[in-house]
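Okay, let me put this one up on the screen. I'd like to talk through some aromatic rings and a surface patch.

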Amino acid sequence: MKKVGISKNTLFREIRDYVSIAIAMLSYCIGWTLFLLPNDITTGGVPGISSIIYWGLNIPVNITYFIINAILLVIALKILGLRFCIKTIYGVIVLTIATSITTQYTKDLHLLHDQPFMASVLGAVFCGCGVGLGLSSNGSSGGTDIIAAVINKYRDISLGRVILLCDIIIISSSYFVLHSWEKVIYGYVVLYITAFCVDQVVNSMRRSVQFFIISDKYEEIGNRINLNPHRGCTVINAQGFYSGHSVKMLFVLAKKRESSVIFQLINEIDPKAFVSQSAVIGVYGAGFDTFKVKKNNKQPQNAGQIEN
């Protein structure tokens, strides 16, 4: 009977994702419970709803947060897939536990109580970086992150912008509990900075680069790149304009984080190689992002008709 195993690279990636998600949730917890919640500043998504319910009905935020996310995860299971939902459930559990601990042991701690704007900025940075890191690790803190992930799966729309649009109503509704437009404005500041940080973190994690490599040892360099970082290479026939000599040029697309590995192996094989590196807006295909195009189910009226 054939044994089904997990490769070391896959295991490493999974462990890295779970560690990253835990760090992301801790970052979000710090921003929410230490800077925003004690200063009566609303954030977006399910944490925002939980905060409003806490201020209005005095129900602990960790209970409301967990219940609402449990409902959303059941709905999103079929759309996002089991793998995403497992990591999101893990993220929700970590954030729920972290929130329970911090709210219990930091009741009397009021950071920047007389500086609500700075509390808004710092809280939003922690929350935004946490959401972005979680999404980049195939997980999230739940809530509007799930809605953003669903939309981004089918449409090439900024994750931060989706979260921004989904959370405007939640931020505005905090007025009915806090009765302060000043707090609502601070909530808008949190929302904007959070969306900005999400985009910065996610885009930095997914950024790709392209290489043009000219070397007499192009075959050896190409073979090494195929093995690690496991990227394909395209050989281009070129000719030096001044010398007139024919040369072979490698064209390589890779993730930005893989650049140091590529430069290191080129330096080991041929330190005199000529290398050009540039950033690209997007790379779609095997090993990179998937195409996000609008599906057109409409067929022409004359489809299937045969001309006489």
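So, Phe211 comes out as buried, with a relative accessibility of 0%; buried is under 20% relative accessible area, exposed is over 50%, and partly exposed is in between, with a 1.4 Å probe and protein chains only. Quick caveat: this is a predicted model, where local features need pLDDT of at least 70, side-chain atom pairs count only at pLDDT 80 or more, and totals for chains, interfaces and linings use all residues. Residues are numbered from 1 along each chain as its sequence is written, and side-chain values use heavy atoms, leaving out hydrogens and water.

Now, the aromatic pairs. There are eight in the structure, where rings of Phe, Tyr and Trp (its six-membered ring) pair with centres within 6.5 Å, and planes under 30 degrees apart are stacked, over 60 edge-to-face, the rest tilted. Tyr28 and Trp32 have ring centres 6.4 Å apart and planes at 70 degrees, so they're edge-to-face. Both sit in helix H1 (residues 8–36), four residues apart, about one turn; helices are DSSP runs of H or I, at least four residues, and strands are runs of E, at least two, numbered from the N terminus. Tyr28 and Trp32 are both buried.

Back to Phe211: its ring and that of Phe263 have centres 5.4 Å apart and planes at 75 degrees, so that pair is edge-to-face. It links distant parts of the chain, with Phe211 in strand S1 and Phe263 in helix H11, 52 residues apart. Phe263 is partly exposed, at 35%.

Finally, Tyr28, Trp32 and Tyr65 make up one aromatic cluster.
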